[in-house]
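Please keep the sequence and the model at hand while reading.

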Amino acid sequence: MRICFVGQGSAVEYWQKTREKKEKKSAVTVFSFNGDEVCYERELKGETHFFEGVAQLSKRDKNLVVCGIITSTHGHRRKSAIVAEDGRILGVSDALHVMDGDAHSGAFLQVYETKIGRVGVAVAEDIYDFETLKTLSVCGCDFIICPFGKVENSICPVLLRAYAFLCGVPILFCGEGYAVIADVDATIAFASPHSPIQVEFKVKKEFHLFETRRKIYLKSK
């Protein structure tokens with residue numbers, strides 16, 4: 001599976017710059033949070049066409065596009081990710097966790113059925129909450145994609161390695177100028193500061209019966 005990470009510049013800029021380029025198409029294109037913001041009211045009125053642009057990008061490249069973006073409705077701003085495939089918007093995932101910012105959290109985790117597998121989406125600071133990624137894994141995703149903002153410390157790669165191993169699913173992370181793939185064997189399969197950049201990655205699918213024992217009291221009848 002070929003993956004394209006775009007950690008610098010907005011999705012609109014990428015669309016314009018690559019409109020005439022003939023390069024090998026990726027199965028997945030992931031955008032970090034790069035300043036794009038969409039107002040739902042203006043989109044519905046037809047004053048802006050960001051959702052359409054993301055859909056058209058996925059249609060042109062015949063692939064899956066996951067784009068980090070700030071969405072707003074009636075002044076309420078959220079960190080979100082738009083998910084599109086082959087010219088169709090599959091949905092919008094909001095961050096469940098937001099830290100030290102002027103954006104708010106949304107609701108509901110989603111696992112998307114796509115032609116390359118079941119994709120879980122963790123948005124921005126969701127990456128700091130293990131239960132979020134564990135839930136996506138339990139719900140059957142084949143891999144997790146996380147659009148992120150600016151990476152200001154070395155915590156993320158450590159967490160990504162641990163989460164990928166504990167949850168049993170690879171994590172594709174795209175921050176501002178920093179892309180990472182954490183694999184299920186707790187290794188960093190890929191890391192680069194370049195943008196845009198493409199990489200080939202094979203998703204490992206291996207399952208084991210993992211049992212546990214606990215004490216529990218059941219009152220007898």
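How much space lies in the second largest pocket? About 380 Å³ of space lies in that pocket. The model is predicted, so to speak of its local features requires pLDDT of at least 70, side-chain atom pairs count only at pLDDT 80 or more, and totals for chains, interfaces and linings use all residues. Residues are numbered from 1 along each chain as its sequence is written, and side-chain values use heavy atoms, with hydrogens and water left out.

**Pockets**

A pocket is found on a 1 Å grid over the protein atoms alone, as an open set of points where a 1.4 Å probe fits, with protein on both sides within 12 Å along at least five of seven lines; lining residues have an atom within 4 Å of a point. Its volume is the space filled by probe spheres set on the points, which are joined across faces, edges and corners.

The second largest pocket is lined by 20 residues, and Lys79, Glu125, Phe148, Lys150 and Glu152 are the closest to its centre. Strands β5 (76–85) and β9 (143–150) each supply at least two residues of this lining. The most comes from β9, with three residues. Helices (H or I, at least four residues) and strands (E, at least two) are DSSP runs, numbered from the N terminus.

The largest pocket holds about 690 Å³ of space. Its lining has 20 residues, of which Phe165, Cys167, Gly168, Glu206 and His208 are the closest to the centre. The largest share, three residues, comes from α5.

The table gives both linings by class. Ala, Val, Leu, Ile, Met, Phe, Trp, Tyr, Cys and Pro count as nonpolar, Asp, Glu, Lys and Arg as charged, and the others, Gly among them, as polar.

| Pocket | Nonpolar | Polar | Charged |
|---|---|---|---|
| Largest pocket | ten nonpolar residues | four polar residues | six charged residues |
| Second largest pocket | nine nonpolar residues | three polar residues | eight charged residues |

**Helix α5**

The 13 residues of α5 should span 18 Å at 1.5 Å a residue, and its end C-alpha atoms are 18 Å apart, which agrees. The expected span is 1.5 Å times one less than the number of residues. Cys156, Pro157, Leu160, Tyr163, Ala164 and Cys167 are the buried residues of α5. These fall within an arc of 130° seen down the helix axis, so they line one face of α5. The arc is that of the directions from the helix axis to the C-beta atoms. Buried means under 20% relative accessible area, exposed over 50%, and partly exposed in between (1.4 Å probe, protein chains only).

On the other side of α5, Val158, Phe165 and Leu166 are exposed. The cover over the buried residues of α5 includes α4, β9, β10 (171–176), β11 (178–182) and β12 (188–192). Contact means heavy atoms within 4.5 Å.

Ala162 also belongs to α5, and at 34% relative accessibility Ala162 counts as partly exposed. Its C-alpha atom is separated by 6.0 Å from that of Ala186, 24 residues apart along the chain. After α5 comes Gly168, with a positive phi near 75°.

**Helix α4**

In α4 the buried residues are Thr132, Leu133, Leu136 and Ser137. Down the axis of α4 they fall within an arc of 135°, so they line one face of the helix. They pack against β7 (111–114), β8 (117–121), β9, α5 and β10.

Glu131, in α4, is partly exposed, with a relative accessible area of 44%. Gly140 follows α4 and has a positive phi near 95°.

Helix α3 (residues 50–61) has twelve residues, which should span 16 Å at 1.5 Å a residue; its end C-alpha atoms are 17 Å apart, which agrees. Phe50, Phe51, Val54, Ala55, Leu57, Ser58 and Asp61 are buried in α3. Their arc, seen down the axis of α3, is within 155°, so they line one face of the helix. Just after α3, Lys62 takes a positive phi of about 50°.

Ser72 sits in strand β4 (residues 64–73) and counts as buried at 9% relative accessibility. Apart from neighbours within four places in sequence, Ser72 is in contact with Glu37, Val38, Cys39, Tyr40, Glu41 and Arg77.
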